[in-house]
Amino acid sequence: MQRPWKTDVAPSDITPESVWRGRRRLLQGAALAPLALGASPLAHAALDNQPTGPVLPAQRNTEWSTNEAVNSWQEITTYNNFYEFGTGKGDPAQYANKMQLSPWTVQIDGAVRKPITLDIDDLRRLAPLEERVYRLRCVEAWSLVIPWAGYSLAHLLKHVEPTEEAKYVVFTTVVQPEAMPGVRSNILDWPYVEGLRMDEAMHPLTLLTFGLYGHDLPAQDGAPMRIVVPWKYGFKSGKSLVRIHLQSTQPTTSWMRAAPQEYGFYANVNPAVPHPRWSQATERRIGSGFFAARIPTRPFNGYEKDVADLYKGMDLRRNF
Ligand code: MTE
């Protein structure tokens, strides 16, 4: 995310990529297969780049997965936005390991017949885990392709039986001041709050996410549980959730509060509607090299046929 006083390209946008170039090639194609490692320097580069953390098996869902080349583990876990840990792209990888991940419970309440607080292990077991390879398009005009593991949020929402009052879902993410240097800044009101309309939250593409690359989510990517909404700009996909609240009114999210002219409630990826300070027509795929050609951004991040119906009759310029 970019605040009005920041320039378009931060130093952190450039440095890590020179390191990643080359490494990406090693993992493409063989992304989910075990690597046969020799003693060459290249093999050591690949070793750096291997997924770590507890294994989290998930069955690939081909219907909801793109065939595009996935980004490497290294790219996905070192180029992050998680402002609680700082605004640099490398800050989350550096500091997020201080976050306390256990015990972890999530409160699901509000306009539901069966409010409940669930332990993270029970949440993981609530429905079969699927691997879904989604594009993630950040509002800052870069993108990644990520093999997530999770299940449709709809499973959890049905479990708590929403009432007729439930028109919106509010996601609240954790605040741990001792572990999170970023929450001392007033760049956002903490906790980080995001929201969806009920029909968006119930859409099968909306993924309650516990892992990536067949392992538990690394802290910097939103451990132990986050939401992923692939047709919206990445800021809608709140990390490290502690509460899911259903209500009748549209919430004001953290980014709407911080810069209402720049970040709207809907935030559907839309190449035809520029951000007030930069174009959204194209994007830079992380790992493709800083000078590589930018790729065109697609309406709804390429998920148009799946989700465009949700917005029939709406003016998407006004509802940005
Ligand atoms: N969630 C929290 N709690 N804090 C954040 O700063 N950043 C958002 C989103 N979720 C953010 C967050 C933004 S702007 C993006 S682009 C994605 O996380 C990035 O997810 P990734 O780092 O796993 O690629």
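I looked up the pair Arg285 and Glu68 and found that their side chains form a salt bridge at 3.4 Å, N to O, the term meaning a side-chain nitrogen of Lys or Arg within 4 Å of a carboxyl oxygen of Asp or Glu. Arg285 belongs to strand E12 (residues 282–285) and Glu68 to the loop between strand E1 (59–60) and helix H4 (73–78), so the pair ties together parts that are 217 residues apart in sequence; helices (H or I, at least four residues) and strands (E, at least two) are DSSP runs numbered from the N terminus. By this rule I note 19 salt bridges.

The model is predicted, with local features needing pLDDT of at least 70 and side-chain atom pairs pLDDT 80 or more, while totals for chains, interfaces and linings use all residues. Residues are numbered from 1 along each chain as its sequence is written, and side-chain values use heavy atoms, without hydrogens and water.

Next I turned to the ligand, which 18 residues surround, the closest being Tyr83, Glu84, Asp221, Arg226 and Lys239; a residue counts as near if one of its heavy atoms lies within 4 Å. I recorded the shell as eight nonpolar, six polar and four charged residues, where Tyr counts as nonpolar, Asp, Glu, Lys and Arg as charged, and Gly as polar.

For polar contacts (pairs of N or O atoms within 3.5 Å), I noted that a ligand oxygen lies 2.7 Å from a backbone N or O atom of Tyr83, and that an oxygen atom of the ligand is 2.8 Å from a side-chain N or O atom of Asn80. A ligand nitrogen is 3.1 Å from a side-chain N or O atom of Thr173. The protein covers 100% of the 540 Å² of accessible area that the ligand has on its own, by the Shrake-Rupley method with a 1.4 Å probe.

Terms used: Polar contact = N/O pair within 3.5 Å; in protein donor to acceptor, adjacent residues only side chain to side chain.
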